[in-house]
Amino acid sequence: FKRFVDNSDIPHSDLEDILLNKTFNRFGNNEVVTVAPVSTASSTLPTQRTSVQIAELWHGPTLAFKDLGMAVLGELLEYLLKRNQTHLTLLVGTSGDTGS
């Protein structure tokens, strides 16, 4: 994130605290996004590894891929609102496709 956020906008030490201590510590996996190899298996062939990998994006608090972005957005908004001593009511909705 340091590439995208200038130190004058959010000090990098604050950014690390937001990401490491406030956002991603609620995820069920220390790696946040696990990249796992895909195996092929059938009743006639032994299990084989392929070069295909899958990103597991369901380790967040609601077990939905949206947690990855929304958790960061929420913590960044909270940080900026506190810094600017302001208040915001944010109403969000979901299409229900993930059940969250």
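How many aromatic pairs does a search of the whole structure find? One. The tour reaches that pair at the third stop.

**Before you start**

This is a predicted model, in which local features need pLDDT of at least 70, side-chain atom pairs count only at pLDDT 80 or more, and totals for chains, interfaces and linings use all residues. Residues are numbered from 1 along each chain as its sequence is written, and side-chain values use heavy atoms, with hydrogens and water left out.

**Stop 1: the whole chain**

Show the protein chain as a cartoon. It has two helices and two strands. Read along the sequence, the pattern is α-β-β-α. Helices (H or I, at least four residues) and strands (E, at least two) are DSSP runs, numbered from the N terminus.

Now switch to a surface. The protein chain exposes about 7500 Å², and carbon and sulfur atoms supply 56% of that area. Accessible areas come from the Shrake-Rupley method with a 1.4 Å probe; for residues, only the protein chains shown count as cover.

Of the 100 residues in the protein chain, 22% are buried. Buried means under 20% relative accessible area, exposed means over 50%, and partly exposed lies in between (1.4 Å probe, protein chains only).

Contacts come next; a contact means heavy atoms within 4.5 Å. Among contacts between residues at least 6 apart in sequence, 48% join residues at least 24 apart.

**Stop 2: the largest nonpolar core**

Select Val5, Ile10, Leu15, Ile18, Leu19, Phe24, Phe27, Val32, Ala71, Val72, Leu76 and Tyr79. These 12 residues form the largest nonpolar core. Helix H1 (12-23) and H2 each supply at least two of its residues. H2 gives the largest share, four residues. A nonpolar core is a set of buried Ala, Val, Leu, Ile, Met, Phe, Trp, Tyr and Cys residues joined through side-chain atoms within 4.5 Å.

Pick Leu76, a residue of helix H2. Is leucine 76 buried or exposed? It counts as buried, because its relative accessibility is 19%. Leaving aside neighbours within four places in sequence, leucine 76 touches Ile10, Leu15 and Ile18.

Then pick Val5. With neighbours within four places again set aside, valine 5 is in contact with Ile10, His12 and Leu15.

**Stop 3: the aromatic pair**

Stay with the core and select Phe24 and Phe27. The search of the whole structure finds one aromatic pair. The ring centres of phenylalanine 24 and phenylalanine 27 are 5.4 Å apart and their planes lie at 75 degrees, so the pair is edge-to-face. Rings of Phe, Tyr and Trp (its six-membered ring) pair if their centres lie within 6.5 Å; planes under 30 degrees apart count as stacked, over 60 as edge-to-face and the rest as tilted. Both phenylalanine 24 and phenylalanine 27 are buried.

**Stop 4: the salt bridges**

Side chains of opposite charge can pair when their charged atoms come close. A salt bridge is a side-chain nitrogen of Lys or Arg within 4 Å of a carboxyl oxygen of Asp or Glu. The count here is three.

- Select Arg26 and Glu75. Their closest N and O atoms are 3.5 Å apart. The pair links distant parts of the chain, 49 residues apart: arginine 26 is in the loop between H1 and strand E1 (34-40), glutamate 75 in helix H2. Arginine 26 is partly exposed at 43% relative accessibility, while glutamate 75 is buried at 11%. Beyond four places in sequence, glutamate 75 is in contact with Ile18, Lys22, Thr23 and Arg26.
- Select Lys22 and Asp17. This salt bridge is 3.6 Å, N to O. Lysine 22 is partly exposed at 39%, and aspartate 17 is partly exposed at 28%.
- Select Lys82 and Glu78. Their N to O distance is 3.2 Å. Both lie in helix H2, four residues apart, about one turn of the helix. Lysine 82 is exposed at 58%; glutamate 78 is partly exposed at 38%.

**Stop 5**

End on Leu73, found in helix H2 (residues 67-83). Leucine 73 counts as partly exposed because its relative accessibility is 40%.
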